[in-house]
Amino acid sequence: MTEHRVCPWWLGFCLTCPLFRLGQNPHKILAPYVREGWTVLEPGPGMGFFTLELAQLVGPSGRVVAVDIQPKMLDRLKRRASRAGVAERVEARLGSAETMAIANLREKIDFTLAFAVVHEIPDKGGFFSEVSGASKPGALLLVAEPKGHVKDTNFDSELQAASDAGFELVDRPKISRSRAALLRKK
Ligand SMILES: C[S@@+](CC[C@H](N)C(=O)[O-])C[C@H]1O[C@@H](n2cnc3c(N)ncnc32)[C@H](O)[C@@H]1O
């Protein structure tokens, strides 16, 4: 996968396979940051490897807004959420390469998960500014990128774009085969 190439929809099946994600346990990765009743934004959920766990963590009073640009990813995500009994907590929204169309979420988001997606987005500044606009002051943002696709210097540029959009670095959590950063909206 090269910079700005979008993950093909059929790879979404592999991305939900626990064997393929060896060492990446959604509960262990997300539970330290997500609380019951929260509103969570997940850009680029694919078929929902992390979405179902996010929906469990926010509970019946919370909500997960999952924005992808591929309808096939979202169709499968909705089916998986239904089967897991959390469909009512998950809003699957179709975005475009240019915008997630989340203007209606202004300062509504408590936590954003951007896992293996930022390197696929051409306008990183625009992306982080949309996330920033949707985030409450103090909201958390976890960015993780696959080490195989994203070099250290490119990840640093992503973090710079996040900082320019109003996020500060809080931690560098260890996630298997990933470069990761936890940020907070100032
Ligand atoms: C490599 S997959 C990662 C899926 C999921 N986050 C995971 O870790 O299993 C990247 C996903 O981001 C989506 N994507 C790419 N560009 C996007 C954009 N501009 N806005 C929202 N989603 C995007 C792709 O369609 C794909 O589903």
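Which side chain does the side chain of D110 make a polar contact with? Hold on to that question for a moment, everyone, while we look at where D110 sits. One caution before we start: this is a predicted model.

Seven strands make up an open sheet, and their order is 3-2-1-4-5-7-6, with mixed pairing. At the edges are strand 3, residues 90-94, and strand 6, residues 167-171, each of which pairs on one side only. Going from one strand to the next, the twist averages 25 degrees.

Now the helices that lie on this sheet. Helix 6, residues 152-164, packs on the sheet and touches strand 5, strand 6 and strand 7. The direction of helix 6 makes about 10 degrees with that of strand 7, residues 178-185. Then there is helix 4, residues 71-83, lying across strand 2, which spans 63-68, and strand 3. Helix 4 runs at about 170 degrees to strand 3.

Strand 4 covers residues 109-115 and is mostly covered, with seven of its seven residues buried. Who are the neighbours? On one side, strand 1, residues 39-43, runs parallel to strand 4 and is joined to it by two bridges. You can find these on your screen: V40 has F111 as its bridge partner, and L41 stands opposite T112.

One place to look is F115, which stands opposite A144 in strand 5. If you follow the chain from strand 4 to strand 5, you pass through helix 5, residues 124-134, and the three elements together make a right-handed β-α-β unit. As a quick reminder for the pairing, strands of a sheet pair through backbone hydrogen bonds, either parallel or antiparallel.

That brings us back to D110, which is found in strand 4. Is D110 buried or exposed? Its relative accessibility is 11%, and the cut-off for buried is under 20%, so D110 counts as buried.

And the partner I asked about at the start? The side chain of D110 makes its polar contact with the side chain of K136, at 2.8 Å. K136 is also among the residues that D110 touches, if we leave out those up to four places away in sequence; the others are W38, T39, A139 and L140.

Terms used. Residues numbered from 1 in each chain as written. Predicted model: local features only at pLDDT ≥ 70, side-chain atom pairs only at ≥ 80, totals over all residues. Heavy atoms only, no water. Buried < 20%, exposed > 50% of the residue type's maximum accessible area, 1.4 Å probe, protein only. Helix = DSSP H or I, 4+ residues; strand = E, 2+ residues; numbered from the N terminus. Pairing = 2+ DSSP bridges. Right-handed = clockwise from strand over helix to strand, strands pointing away. Axes fitted to C-alpha atoms, helices over the stretch in contact; angles between N-to-C directions. Contact = heavy atoms within 4.5 Å. Polar contact = N/O pair within 3.5 Å; in protein donor to acceptor, adjacent residues only side chain to side chain.
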